[in-house]
Amino acid sequence: MEETDELMVTVFTGDGISAESEAQSIHGLLESSGIESLLVRDNVPELPVGLVEVRVMESQAARAQEIIQEGRAGGREAAEAAEAETEL
């Protein structure tokens with residue numbers, strides 16, 4: 001991620017057992033859509049619990065939210081298809 005003075009904002013926050021995998025999926029979805037994102041964890045690395053956030057540059061937050069909503073609406077199959085397109 002290139003250095004900038006632009007603020008990063010949170011586009012996803014989760015906690016609990018599934019939060020880490022959901023954050024990873026959102027991070028991958030955003031990255032594959034050309035939006036740089038950062039995972040922020042407030043947990044013990046050895047345990048899959050705790051607060052997890054996905055952050056993006058403030059200027060990309062609205063688009064990131066749209067992508068996340070589209071991914072949720074399309075379900076797992078759409079997310080996997082989008083990720084597979086970037087792995088060619």
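A nonpolar core, as I use the term here, is a set of buried Ala, Val, Leu, Ile, Met, Phe, Trp, Tyr and Cys residues joined through side-chain atoms within 4.5 Å. Buried means under 20% relative accessible area, exposed means over 50%, and partly exposed lies in between (1.4 Å probe, protein chains only).

**Ground rules**

I am working with a predicted model, in which local features need pLDDT of at least 70 and side-chain atom pairs count only at pLDDT 80 or more, while totals for chains, interfaces and linings use all residues. I number residues from 1 along each chain as its sequence is written, and side-chain values use heavy atoms, with hydrogens and water left out.

**Entry: confidence**

I started with pLDDT, the predictor's confidence in each residue, from 0 to 100. The chain has a mean of 83, and 73% of its residues reach 70 or more. I find the lowest confidence in α2, with a mean of 78, and the highest in β1, at 95. A reminder to myself: where pLDDT is low, the predicted coordinates should not be read in detail.

**Entry: layout**

I took helices (H or I, at least four residues) and strands (E, at least two) as DSSP runs, numbered from the N terminus. The chain holds two helices and three strands, and along the sequence they run β-α-β-β-α. For contacts I used heavy atoms within 4.5 Å. Among contacts with a separation of 6 or more, 66% join residues 24 or more positions apart. Of the 88 residues, 25% count as buried.

**Entry: the core**

Which members of the largest nonpolar core touch the most other members? I found Val11, Leu30, Val54 and Val56, out of 16 residues. β1 (8–14), α1 (19–32), β3 (50–57) and α2 (61–86) each give two or more residues to this core. The most come from α1, which supplies five. I note that in soluble globular proteins, nonpolar side chains tend to be buried together.

I then looked up Leu30. Beyond its neighbours within four places in sequence, Leu30 is in contact with Val11, Ile35, Ser37, Val54, Val56, Ala64, Ile67 and Ile68.

**Entry: Ile35**

Is Ile35 buried or exposed? Its relative accessible area is 5%, so Ile35 is buried. Leaving out neighbours within four places in sequence, I list its contacts as Leu30, Val56, Gln60, Arg63, Ala64 and Ile67. I also checked Ile35 against Ala61: they are 26 residues apart in sequence, with their C-alpha atoms 9.2 Å apart.

**Entry: salt bridges**

I counted a salt bridge wherever a side-chain nitrogen of Lys or Arg is within 4 Å of a carboxyl oxygen of Asp or Glu. The whole structure has five of them.

One of these joins the side chains of Glu53 and Arg55, at 2.5 Å from N to O. Glu53 counts as buried because its relative accessibility is 14%, whereas Arg55, at 28%, counts as partly exposed.

Where do Glu66 and Arg63 lie? Both are in helix α2, three residues apart, about one turn of the helix. Arg63, Glu66 and Glu70 are linked in a network of salt bridges.
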